[in-house]
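User: I'm new to this structure and would like to get to know it step by step. Could you walk me through a few of its features?

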Amino acid sequence: MFIDGEPSDSASGEWFETANPYTGEPWAQIPRGTAADVDRAVGAARRAFAGGPWPELTASERGHLLLRLADVLAREASRLAEIEVRDNGKLYAEMSAQLKYLPAWFRYFGGLADKIQGAVIPLDKKGYFNFTRREPLGVVAVITPWNSPLMLTAWKIAPALAAGCTVVLKPSEFTSASTLEFVRLFEEAGFPKGVVNAVTGFGAEVGAALVEHRDVACISFTGADSTGRRINEAAAATFKHVSLELGGKSPNIVFADANLDDALNGAISGIFAATGQTCIAGSRLLLQSSIHDEFVERLVKLAATARMGNPMDPATEVGPVTTPPQYEKVLSYIDIAKSDGARLLLGGKPASKPECGTGWFFEPTIFGDVTSSMRIAQEEVFGPVLSVMRFEDEEEALRIANDVRFGLGAGVWTSDIGRAFRMSERLQAGTVWVNTYRAVSCMSPFGGYKDSGLGRENGMAAIEAYLQTKSVWINTGAQVDNPFVIR
C-alpha cells in the first residue's frame, strides 16, 4: 500500500489475488488492508493537512504540483493502461485513450487551484467589513469502482487536491494494481508525504472503516447505488460531506428524423463498448415506431459481427466481463428478462469462441418487446445487455425515458434542433447527449439526478465538493452601546 509517502504492507500481513478477466487466472497479489491501516493512512493525511509543507503552499504552488504530476502521468500513461487492461479486461484501445487524456484533469484543476475566490459582502449594517473565504474540508476518502479505476480516481482527486484537501484512496478489491502504481507518482511530482495515501482491501474491512473514521471530512464514492445509499446513511451519523456518482439506466432515444447510420453506431457503442460496464451505458434503446423494425434488423446484424477476444489486441471490439460476480449477475438477468416476457433477439449466453480464451466473456445481447414494467428495463445490469423499447411521439418517449429511479445520462438522436432543446430540458438526467453518446470532458460537469447520486464531478462545479465557506466580520467602528442587545 502507500501510506505517509512510503510503500507499506498491511497490518495483518495478508494478501489476496487479483485475476486477469481475459484468462480468469490470478496475475498479482494485493495487500489486504485492515481498519488499523485505514487509521494509519487517515492519520498521515490529517497530519499533512494540518501542518507541514502542504498547508503552507500557496494555491498557485499547489497548482504547479498538479501540473508536474500531469507531466509524469503523461509519461507513464501507456504502462498504466496495460496494467488496467490486465486488471479489468477493458480494451487497450479504450484504456490507452483514457490514460493519455488523464493528465488533462490535473492540468485543468491545477489551473483552477488559484482561481478559488471568496467575496466581499455589501452589508446592510454600518461599521463592519464582511468577507468570505473558501477553505478545504480536510481529509477526503476516495472510493472507486473496478470499471475505470484511474479515470474515476482523477475525477475526484484532482479537484480535491486543487482545493487543498488531502486524500486516502480505496480502490476496488478487483482492480487495485493500477492505483498502487499511480500513487507512487506523487512522490516524483514533489507532493509532500501524507497528502495522497492508498489502502487496498475489501469494502467491509477497509471501505467501512474509512467511511466511519472520525477524521475523514468528506467521502467521494463511485459505484453501485445500494452501496452509495449505505455510505450516505453512515456518513450522516457524523455529518460528513458526500459526493456520490451511482448507477444508471440511461435511455438512448432515436427519432425517425435522425441520421440512422450515426444513431446505429451510437446505439452499439452506447451499450457494447466497455462490455456495457459503464454507469452511463445506453442500456435502454428507445425507437420511434416508424423506424423500429428496420432499425432493430440493422442493429442485430451489426452487433452480431462484434469481434471478441484478447483486450490487448487492437482488432478486439468487445472484451470480457471484469469480475466473476458481475459475470454471474449478467447471466442471471437473461432468465429474468425472459420470464418477464422480453424477446431474445441476439446473444443471451456466455461466449465460447476460441479467441475468448478462458476468461469471463458474454455475448452481446439484445432483447426486444421490452416494456417499462420489466426488471430488465428498470434495473442496472452493468453488462452487454440492451433493452429495445418502442415509442410513438415525444411525449411517450419522455414518459418511458423518465420512468426509472435513475437519472445519470440520456441520448437523443434527431435532426430537429427544436426537439433537441425540448428533450434536453425535460429529460431527468444529469447529462444529455444529442447526436452523440458517452462524451465526457474534464471541463464539463458530470453527475446524476434521482438515485444516480449527489453532487457533480468535472468542471468548475467539481471543486465545490471539497470546499467550505467561512464568513469573516471585522468591526471598523461600530459602537456597542448595550452588550445585552444584538442589533
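This is a predicted model: local features need pLDDT of at least 70, side-chain atom pairs count only at pLDDT 80 or more; totals for chains, interfaces and linings use all residues.

User: Let's start with two helices: at roughly what angle do the axes of H4 and H5 cross?

Analyst: Helix H4 covers residues 92-101 and helix H5 covers residues 103-112. Their axes come within 4 Å. Angles under 35 degrees count as roughly parallel, so H4 is roughly parallel to H5, with a crossing angle of roughly 20°.

User: Which residue in the hairpin of S3 and S4 takes a positive phi?

Analyst: Strand S3 (residues 15-20) and strand S4 (residues 25-31) run antiparallel and are joined by six bridges. In one of these pairings, Trp-15 has Pro-31 of S4 as its bridge partner. Four residues lie between the strands, and the one with a positive phi, near 75°, is Gly-24.

User: Now the open sheet of seven strands: which strands stand at its edges?

Analyst: The strand order is S14-S15-S16-S13-S12-S18-S19, with mixed pairing. A strand at the edge has a single partner strand, so one side of it is left without a neighbour in the sheet; here the edge strands are S14 (343-346) and S19 (431-434).

User: Which residue in S19 does Gly-411 stand opposite?

Analyst: S19 pairs with strand S18 (residues 409-413) in the parallel sense, over four bridges. Opposite Gly-411, the residue in S19 is Trp-433.

User: At about what angle does helix H13 run to S15?

Analyst: Helix H13 (residues 324-340) lies across S14, S15 and S16. Another helix, H12 (residues 289-303), also lies across these strands, as well as S12 and S13, and runs at about 135° to S13. For H13 and S15, the angle is about 20°.

User: How many disulfides does the structure hold?

Analyst: A disulfide needs two cysteine sulfur atoms within 2.5 Å. For Cys-218, the nearest cysteine sulfur is that of Cys-165, 6.9 Å away. The sulfur of Cys-279 is 17 Å from the closest one, in Cys-442, which is too far for a bond. The number of disulfides in the structure is zero.

User: And is Cys-279 buried or exposed?

Analyst: The cut-off for buried is under 20% relative accessible area. Cys-218, at 0%, counts as buried. With a relative accessible area of 12%, Cys-279 is also buried.

How values were computed:
Residues are numbered from 1 along each chain as its sequence is written. Side-chain values use heavy atoms; hydrogens and water are left out. Two strands pair if DSSP finds at least two bridges between them. Contact means heavy atoms within 4.5 Å. Axes are lines fitted to C-alpha atoms, for helices over the stretch in contact, and angles run from 0 to 180 degrees between N-to-C directions. Buried means under 20% relative accessible area, exposed over 50%, partly exposed in between (1.4 Å probe, protein chains only). Angles under 35 degrees count as roughly parallel, over 145 as roughly antiparallel, 65 to 115 as roughly perpendicular and the rest as oblique.
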